[in-house]
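Here are my notes on the model, point by point. Please read them with the structure open.

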Amino acid sequence: MSLRSFVGSRIGNIEMATLAIVARLPLHAARVSALRAWGAEIDGTATLYHGFQVRSARRLRIGARTSVGDGAILDARGGLTLGSDVNLSTQVHIWTAQHAWDSADFDYVAAPVTIGDHVWLSTRVTVIPGVSIG
């Protein structure tokens with residue numbers, strides 16, 4: 001197996017590992033820069049607190065003055081858009097992909113999530129695939 005095919009087959013794992021390390025850094029600019037390097041679109045006025053998790057940064061959009069609390073999980077595999085002036089409190093989990101609980105084969109399903117402008121999701125709220133709020 002060539003190095004290129006090895007890296008290509010594991011790019012999602014490499015992205016998650018990189019972002020897990022960066023999410024712990026005390027520098028906000030480093031966290032935002034790393035997400036942007038993986039393809040996320042993040043407004044310059046957004047705030048990302050430490051300790052978050054992101055899956056599939058290239059499908060993540062974060063609007064102006066949005067705040068993502070520490071310990072948040074942002075699963076953008078199915079597409080995730082956070083509007084402007086959104087407040088995600090500590091440990092909010094947003095899932096855009098999962099296994100279908102009602103499937104005999106435990107099929108993988110994904111659907112985009114949209115959080116509109118001026119939305120506040122309080123501590124430990126969980127949002128599931130296909131939901132739009134706001």
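1. Start with Ala-20, which is found in helix H2. Helices here are DSSP runs of H or I with at least four residues, strands are runs of E with at least two, and both are numbered from the N terminus. Ala-20 is partly exposed, with a relative accessible area of 41%. The cut-offs are under 20% for buried, over 50% for exposed and partly exposed in between, with a 1.4 Å probe and protein chains only. The C-alpha atoms of Ala-20 and Arg-31 are separated by 9.9 Å, and the two residues are 11 residues apart along the chain.

2. A word on the basis. This is a predicted model, in which local features need pLDDT of at least 70 and side-chain atom pairs count only at pLDDT 80 or more, while totals for chains, interfaces and linings use all residues. Residues are numbered from 1 along each chain as its sequence is written, and side-chain values use heavy atoms, with hydrogens and water left out.

3. Now H2 as a whole. H2 has 12 residues and reaches 16 Å from its first C-alpha to its last. That is close to the expected 16 Å, where the expected span is 1.5 Å times one less than the number of residues.

4. Which residues of H2 are buried? They are Glu-15, Leu-19 and Val-22. They cover an arc of only 60 degrees around the axis, so they sit on the same side of H2. The arc is taken from the directions from the helix axis to the C-beta atoms. In general, an α-helix has 3.6 residues a turn, so residues three or four places apart point the same way. The buried residues of H2 pack against helix H3 (28–37) and S3; contact means heavy atoms within 4.5 Å. The face turned away from the buried side carries the exposed residues Asn-13 and Ile-21.

5. How many salt bridges does a search of the whole structure find? It finds four. The criterion is a side-chain nitrogen of Lys or Arg within 4 Å of a carboxyl oxygen of Asp or Glu.

6. One of them joins Arg-58 and Glu-15 at 4.0 Å, N to O. The pair links distant parts of the chain, 43 residues apart: Arg-58 is in the loop between strand S3 (53–55) and strand S4 (60–62), and Glu-15 is in H2 (residues 11–22). Arg-58 is exposed at 51% relative accessible area, whereas Glu-15 is buried at 5%.

7. Glu-41 and Arg-61 also meet in a salt bridge, at 3.3 Å, N to O. Glu-41 is in strand S1 (residues 41–42) and Arg-61 in strand S4, 20 residues apart. Arg-61 is partly exposed, at 27%.

8. On to the sheet. An open sheet of four strands has the order S3-S6-S9-S14, with parallel pairing. S3 and strand S14 (126–127) stand at the edges, each with a single partner strand, so one side of each has no neighbour in the sheet. Strand S6 (residues 73–75) and strand S9 (residues 93–94) pair over two bridges. Pairing requires that DSSP finds at least two bridges between the strands. Ile-73 stands opposite His-93 in S9.

9. Last, look at Ser-89 in the loop between S8 and S9. Ser-89 is buried at 14% relative accessibility. Leaving out residues up to four places away in sequence, Ser-89 touches Gly-69, Trp-120, Leu-121, Ser-122 and Thr-123.
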